[in-house]
Amino acid sequence: MKQILVFGHKNPDTDSICSAISFAELKNAQGVNVIPCRLGNVSKETQFALNHFGAEAPLFIENVNADENGKKEVILVDHNEKAQTADGIESAKILEVVDHHKFALTTDEPLKITADTVGCTCTLIYRLFKQAGITPSKKAAGLMMSAIISDTLLFKSPTCTPEDVEAVKELSKICGEENYEDYGMKLLIEGTSLSDKTPEEIITIDMKEFDMNGKKVAVAQVNTVDVAGLLNTQAELEAAMNSMSEKSNYDLFVLVITDIIKAGSYVLTVGTCPELVEKAFNVKLENKTAWLEGVVSRKKQVVPFMLTASQNQ
């Protein structure tokens, strides 16, 4: 039986890794030979969840180029945009997509799509488990719970829906971690530890590329409980952002530094069109930074406003 590869986006976050693992479990339970994969390194937060629930990181792959066996068959989870997916995707056959982001996918053939406006891809995957009448293993349940907690910042993000909350409550019972709030805070704090990261690593922990009205824009996000400490390294962060912008031809690089305690974010910008950020959020950048009160979601509170601002320029 031919193996199908399932993977999340580049620079994978907890949802990207855990959705690949859990969806592979579901598909294999349904008799489909699926291998969970990843397109980048595992973050400290994700590793905490993997260790806690006794799971191994998915197989690392560099591309999905065709080989002697022909086209590779793939399933995309937690993403669908070409810039965020595996190199060589043009030569692969996309069978299915499970995602909670905006869609920018075009394919030559029909495919199955599961998408909804929930806070986490793993919420959709748990829905698919229930629709199939299959109970996830304790491991998969714990990983899906972890991903939902991570993506919704323990329900503080505006992307969080009642379905996300209910999924965490149900999954916590399956995995035996019923004090999910205590576990969730430990998970988030683990993910905010940046002391061992270089500036280059910090800006690529969770970075995505976007086309904004012809401008190539990178938007990276890090969660922390020590914003001041991170801003003390602003010069080093700017140097890393400028270097990557030059290498990748970004017109603008935005680093969103989210304070998980205050539930807001600083933005740090470098590039040729910082006015895009000022216009999007009605702020004035000072020393290339601005505080965005209540902004914690890149998907719902950052990218859409920047896209609108770029179209109105």
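**Entry 1: backbone**

I started with L154, which counts as buried at 15% relative accessibility, since the cut-off for buried is under 20%. The model I am reading is predicted. I placed L154 in the loop between helix 4 (138-151) and helix 5 (162-175). Its phi is positive, about 55°, although L154 is not a glycine. I noted this because most residues other than glycine have a negative phi.

I then looked up N11, another non-glycine residue with a positive phi, here about 50°. N11 sits in the loop between strand 1 (4-7) and helix 1 (14-29). With a relative accessible area of 22%, N11 is partly exposed.

**Entry 2: largest pocket**

I recorded about 900 Å³ of space in the largest pocket. Its lining has 50 residues, and D13, D151, D206, Q221 and R298 are the closest to the centre.

I next checked which elements build this lining. At least two residues each come from helix 2 (44-52), helix 4, helix 6 (180-192), strand 7 (207-212), strand 8 (215-224) and helix 11 (298-311). Helix 11 gives the most to the lining of the largest pocket, six residues. By class I wrote down 14 nonpolar, 21 polar and 15 charged residues for the lining of the largest pocket.

**Entry 3: second largest pocket**

For the second largest pocket I noted about 520 Å³ of space. Of its 21 lining residues, N11, P12, G40, N41 and T204 are the closest to the centre. N11 is also the residue with the positive phi from my first entry.

Helix 7 (199-204) and strand 7 each supply at least two residues of the lining of the second largest pocket. Strand 7 gives the most here, with three residues. I put the lining of the second largest pocket down as eight nonpolar, eight polar and five charged residues. The second largest pocket also lies between domain 1 (2-190) and domain 2 (197-310), because both give residues to its lining.

**Entry 4: salt bridges**

How many salt bridges did I list? The count comes to 13.

K10 forms a salt bridge with D87, with 2.9 Å between the closest N and O atoms. K10 is in the loop between strand 1 and helix 1, and D87 is in the loop between strand 4 (73-77) and strand 5 (93-99), so this pair ties together parts that are 77 residues apart in sequence. Both ends are partly exposed: K10 has 28% relative accessibility, and D87 has a relative accessible area of 43%.

K102 forms a salt bridge with E81, the closest N and O atoms being 3.2 Å apart. This pair links distant parts of the chain, 21 residues apart, with K102 in the loop between strand 5 and strand 6 (112-115) and E81 in the loop between strand 4 and strand 5.

K186 pairs with D182 in a salt bridge, with 3.3 Å between the closest N and O atoms. Both lie in helix 6, four residues apart, about one turn of the helix. K186 is partly exposed at 48% relative accessibility, and D182 is partly exposed at 37%. Last, I noted that salt bridges with shared partners join D116, R127 and E163 into one network.

Technical notes: Residues are numbered from 1 along each chain as its sequence is written. This is a predicted model: local features need pLDDT of at least 70, side-chain atom pairs count only at pLDDT 80 or more; totals for chains, interfaces and linings use all residues. Side-chain values use heavy atoms; hydrogens and water are left out. Buried means under 20% relative accessible area, exposed over 50%, partly exposed in between (1.4 Å probe, protein chains only). On a 1 Å grid over the protein atoms alone, a cavity is a set of points where a 1.4 Å probe fits but cannot get out, and a pocket is an open set with protein on both sides within 12 Å along at least five of seven lines; lining residues have an atom within 4 Å of a point. Grid points are joined across faces, edges and corners, and a volume is the space filled by probe spheres set on the points. Ala, Val, Leu, Ile, Met, Phe, Trp, Tyr, Cys and Pro count as nonpolar, Asp, Glu, Lys and Arg as charged, and the others, Gly among them, as polar. Domain bounds come from an automatic or database domain assignment. A salt bridge is a side-chain nitrogen of Lys or Arg within 4 Å of a carboxyl oxygen of Asp or Glu.
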